[in-house]
Amino acid sequence: LEAYSEAAEQIKDLKVYIIVLILHDAYIDNFFNELTQNSPDLLEYPYFYIGVDGWFDDAVIEEHNISSVAAGFIGTIPWQPNTLDITQYNESEIQDAVRK
């Protein structure tokens, strides 16, 4: 847990407001628990977290209750151009393809 408190101190000291969060979903609770207990100001505006590395999905958000902890959070998924057929790239079909 020491690494999480050090990360929180670095975020404060650097005055970084957009944080790219790269960690395994098994450690999400540890990270946000540290912030909730010792640095709750890092969970409010203007701080914003971007979850990357493909672990971010609806199940993770619900399981870890992220939306009730962090004021700003968004996730990304790895881009895989070979998974979509060229016909799926038009505007009306892309959302359906992404949700599959």
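Which side chains meet in a salt bridge, and at what N to O distance? I opened my notebook with that one, keeping in mind that this is a predicted model.

**Entry: the salt bridge**

I found the side chains of Glu9 and Lys12 joined in a salt bridge, at 3.7 Å from N to O. I then checked the count, and it comes to one salt bridge. Next I looked up where the two partners sit. Both Glu9 and Lys12 belong to helix α1, three residues apart, which is about one turn of the helix.

Glu9 has a relative accessible area of 39%, so I wrote it down as partly exposed. Lys12 comes to 26% relative accessibility, so it is partly exposed as well.

**Entry: the sheet**

I moved on to the strands. In what order do they stand in the sheet? I read the order as β1-β2-β3, three strands in an open sheet with parallel pairing. Two of them are edge strands: β1 (18–21) and β3 (73–75) each have a single partner strand, so one side of each has no neighbour in the sheet. From one strand to the next, I noted an average twist of 20°.

I then looked at β1 and its partner β2, residues 48–51. These two pair in the parallel sense over four bridges.

Which residues of β1 are on its covered face? They are Ile19 and Leu21, while Ile18 and Val20 make up the uncovered face. I also traced how the chain gets from β1 to β2: it passes through helix α2 (residues 28–38), and this β-α-β crossover is right-handed.

**Entry: a patch on the surface**

Last, I searched the surface for nonpolar side chains. Which residues form a nonpolar patch there? The patch consists of Tyr17, Ile18, Phe48 and Ile74, with about 370 Å² of accessible area together. Ile18 was already in my notes, on the uncovered face of β1. With 36% relative accessibility, Tyr17 counts as partly exposed.

Key: Residues numbered from 1 in each chain as written. Predicted model: local features only at pLDDT ≥ 70, side-chain atom pairs only at ≥ 80, totals over all residues. Heavy atoms only, no water. Pairing = 2+ DSSP bridges. Axes fitted to C-alpha atoms, helices over the stretch in contact; angles between N-to-C directions. Patch = residues over 30% accessible without salt bridge, like charges linked within 9 Å, V, L, I, M, F, W, Y side chains within 5 Å. Areas by Shrake-Rupley, 256 points an atom, 1.4 Å probe, with all protein chains shown as cover. Salt bridge = Lys/Arg side-chain N within 4 Å of Asp/Glu carboxyl O. Buried < 20%, exposed > 50% of the residue type's maximum accessible area, 1.4 Å probe, protein only. Right-handed = clockwise from strand over helix to strand, strands pointing away.
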